[in-house]
Amino acid sequence: MTHTAPPSPCSGAPCGAHPLAGRLAAPSCVLPAPVADNAVFLAGKVDEVGLCFFETRSCLEYTQRDLPREHALLPLRWHVHLPVDLPWPARAAKAASPARGAASLALAVMDKAAHLRPHLAVLHPPRGNMAGQRVLLADFQEHWRAHTSVPLLLENVGHCDVACLGENFLREHGLGLCLDVGHLLGYGQKNLLASPLVEDAALAHWSAPGARDQHLPLTELTPVQRQTAAAVMRRLPATAVHLLEIFQQEGLFASLPVLAALARPDTPPR
């Protein structure tokens, strides 16, 4: 299945006047309501929705009630965050194709949103040592590319900052980076911060880490964290999508002016 991203839809408040207009995204769970209701709520407020397909079993049970076909007509682009509970094997080297099961389930989950034409997919690396992670991710990507042209991005998480896989690993395997700035700050991922991978990130997740990984509004950034976040913003490519990974609407909208100020460092947040 080949997917082409539609043109940017956002031209109204609040994102129309935002310095990142055209590239603003929000997760599909900012309201305590089904995915379908969240999508309708976010349409016109952001440019893109990241579908939070975090749990394999529950997402495989999605029907058209959860992801209606008419949602393809909403003024939104879409991407998918793949499940975080995929069945990665404990010993990658013991199987001829160790990531086939995980990749097959991820593709089945992705297919639930095929009518929305998602243009990216985000994957958490598996746990384990670096060698095992490299084997599993390379095998996963091989299966992924055999069935879809949607680009696959690895997200830096607490147990893997992605930079540890090697400077050329993403390029060698046709993978991209989803740079989670909240994780970078909360887990003190200095190696990733110092690496050239930042300049190539296709997607950035923004939140204040709080106690490592709390996904707080950007209003909760400390002065030092804000300084680092502004420096990261300046390094990101002009094509990167910026997702406010904050799972409630008040925090999401409170974070928009802070994100704008990070994009325009000379402008104080409102």
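1. Leaving aside neighbours within four places in sequence, H81 is in contact (heavy atoms within 4.5 Å) with L51, C52, F53, F54, V122, H124, E155, H205 and E245. This is a predicted model, in which local features need pLDDT of at least 70, side-chain atom pairs count only at pLDDT 80 or more, and totals for chains, interfaces and linings use all residues. Residues are numbered from 1 along each chain as its sequence is written, and side-chain values use heavy atoms, with hydrogens and water left out.

2. H81 lies in strand 3, residues 77-81 (strands are DSSP runs of E, at least two residues, and helices runs of H or I, at least four, numbered from the N terminus). With a relative accessible area of 5%, H81 is buried (buried is under 20%, exposed over 50%, partly exposed in between; 1.4 Å probe, protein chains only). The side chains of H81 and E155 are joined by a polar contact of 3.0 Å (N or O atoms within 3.5 Å; within protein, one able to donate a hydrogen and the other to accept it, and residues adjacent in sequence counting only if both atoms are side-chain atoms).

3. The whole structure contains zero disulfides (cysteine sulfur pairs within 2.5 Å). The C52 sulfur is 3.6 Å from its closest cysteine sulfur, in C29, which is too far for a bond. C178 is likewise in no disulfide, its nearest cysteine sulfur, that of C52, being 11 Å away. C52 is buried at 14%, and C178 is buried at 0%.

4. R117, in the loop between helix 3 (100-111) and strand 4 (121-123), has a positive phi near 55° although not a glycine. R117 is partly exposed, at 38%.
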